[in-house]
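User: I would like to learn how to read a structure like this one, feature by feature. Can we go through it together?

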Amino acid sequence: MASINDNYLKLPGSYLFAEIGRRVAAFKEAHPEADIIRLGIGDVTQPLPAACIEAMHTAVDELAHADTFRGYGPEQGYSFLTDAIIEHNYTQRGIHIDSDEIFVSDGSKSDCGNIQEIFGLDNKVAITDPVYPVYLDTNVMAGRTGTLQADGHFEGVTYLPCDASNDFAPALPAERVDMIYLCCPNNPTGTTLSRAELKKWVDYARENQSVILFDAAYAAYITEDDVPRSIYEIEGAKEVAIEFRSFSKTAGFTGTRCGYTIIPKTVKGRAADGTLVEFNKLWNRRHTTKFNGTAYIVQRGAAAIYTPEGQQQVKELVGYYMENARIIREGLETAGIKAYGGVNAPYIWLKTPNDMPSWDFFDKLLTEVNIVGTPGAGFGPCGEGYFRLTAFGNRENTLRAVERIKTKFHI
């Protein structure tokens, strides 16, 4: 009989959002009349920018003719997209990225999960707590951790607690680590690391020969000048950091799927024989072996956000969601609920009243006012006592949800 990868058995029974879906479905079945407003999973609700739609239509028409048909494309991405990304997101910010240091994919979630494959299993991993589950779960699946302990932490992982006491900015680890996952703007807390804070991490990584895995999926939502849009704005980061970016929340590509990863050739790891190897080469080998490239139609749509029209439309789209964030954050404060985030990110991280367990708060919010959010405990033990709401709903539902919380929710 074929054996299984026993590391999968170390994981909790279900993925966080699958458990949320199960609970909501059960409630809906018992209360079919309930008008449920979903502010839990971070999926977008507004249409793709018009520039993207037009570019996709044109691309579809091209595929209808033999002289403009496209089959397999370059696994790393078409140059019309990679050149636009480099120019607008890096060159214009004074950052030099070579064309062979960018890899277009089907989204940053996949890349954040798959990147660990090019690292040795003996690497020590550091993650923030709370954390986006993909970083931790994929390392558990790979066998880079021990088992789940009674306190909710996995053996062998270095956890970096983040809560109100440290303004959700993780402290440097007391022990040396090899792989450091940072997300800024942060999912789930909606908070950010200042330029000075991020420099501490880059300096630590350089001193300890560590690699920072930097998830910048929400960079488009940054409003404050002191928050870097890219980790490569920090001196020395190109020696120690891999950056993940996404079109999902920037331009509504959650369903069409497109993202990219930057791996400078100066980021290196050590082989068993002691030689230094570029992670760029390893990722390129993995990428070309396991991936056939993002669809041409999707890449044309993604490239359209860098046109003048696309830039304006994306700005309006991000502004729409950030106005939702303001409405939620201020509404919670009016209701007497402490809230964080929602300034540089589309997530609002609230403190549950009276230290209520976060899954209890989930059930209370669902049953009393028919609103779905995400329990903080699902992001790690330090998320207990907190709760995440997203600004990705439409304006009408956002306003209705806030009104319900202010007038019908009993704290």
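**Reading the features**

Analyst: Leaving aside its neighbours within four places in sequence, Thr-138 is in contact with Cys-112, Gly-113 and Gln-116. Keep in mind that the model is predicted.

User: Where is Thr-138 found, and is Thr-138 buried or exposed?

Analyst: Thr-138 is found in helix H5, which covers residues 133–142. Its relative accessibility is 14%, and buried means under 20%, so Thr-138 counts as buried. The side chain of Thr-138 also reaches the backbone oxygen of Val-134, at 2.7 Å.

User: Next, the sheet. In what order do the seven strands come?

Analyst: Strands of a sheet pair through backbone hydrogen bonds, either parallel or antiparallel. In this model the seven strands form an open sheet in the order E2-E8-E7-E6-E5-E3-E4, with mixed pairing. E2 and E4 (157–161) are the edge strands, each pairing on one side only. From one strand to the next, the twist averages 20°.

User: How many bridges does E2 make with E8?

Analyst: Four bridges link E2 to E8 (residues 259–262), in the antiparallel sense. Within this pair, Ile-102 stands opposite Ile-262 in E8. Helix H3 lies across E2, E7 (241–246) and E8, and runs at about 115° to E2.

User: What covers the buried residues of H9?

Analyst: The cover includes helix H2 (50–62), helix H3 (79–90) and strand E2 (102–105). H9 itself spans residues 296–303 and is mostly covered, with six of its eight residues buried. The buried residues in H9 are Tyr-296, Val-298, Gln-299, Gly-301, Ala-302 and Ala-303.

User: How should I read a strand with covered faces?

Analyst: In a regular strand the side chains alternate between the two faces of the sheet. For E15 (residues 386–390), five of the five residues are buried, so this strand is largely enclosed by the rest of the structure. Both faces of E15 are covered: one side carries Tyr-386, Arg-388 and Thr-390, and the other Phe-387 and Leu-389.

User: Which residue in E15 is the bridge partner of Tyr-347?

Analyst: That partner is Thr-390. Strand E12 (residues 347–351) and E15 run antiparallel and are joined by five bridges. E15 also pairs with E14 (residues 374–375), in the antiparallel sense over two bridges; there, Pro-375 has Phe-387 as its bridge partner.

User: At what angle do H10 and H12 pack?

Analyst: Two packed helices are described by the angle between their axes and the distance between the axes. H10 (residues 308–334) and H12 (residues 395–408) pack at about 5°, with axes 9 Å apart. The angle is under 35 degrees, so H10 is roughly parallel to H12. The residues of this contact divide into seven nonpolar, four polar and three charged. Among them are Tyr-320, Glu-323 and Ile-327 in H10, and Arg-395, Leu-399 and Val-402 in H12.

User: Last, a loop residue. What does Lys-265 touch?

Analyst: Not counting residues up to four places away in sequence, Lys-265 touches Asp-98, Asp-100, Glu-101, Glu-278 and Asn-280. Lys-265 is found in the loop between E8 and strand E9 (268–270). The side chains of Lys-265 and Asp-100 are joined by a polar contact of 2.7 Å. Lys-265 and Asn-280 are 15 residues apart in sequence, with their C-alpha atoms 5.5 Å apart in space. With 23% relative accessibility, Lys-265 counts as partly exposed.

Technical notes. Residues numbered from 1 in each chain as written. Predicted model: local features only at pLDDT ≥ 70, side-chain atom pairs only at ≥ 80, totals over all residues. Heavy atoms only, no water. Buried < 20%, exposed > 50% of the residue type's maximum accessible area, 1.4 Å probe, protein only. Contact = heavy atoms within 4.5 Å. Pairing = 2+ DSSP bridges. Axes fitted to C-alpha atoms, helices over the stretch in contact; angles between N-to-C directions. Polar contact = N/O pair within 3.5 Å; in protein donor to acceptor, adjacent residues only side chain to side chain. Parallel < 35°, antiparallel > 145°, perpendicular 65-115°, else oblique. Nonpolar A, V, L, I, M, F, W, Y, C, P; charged D, E, K, R; others polar.
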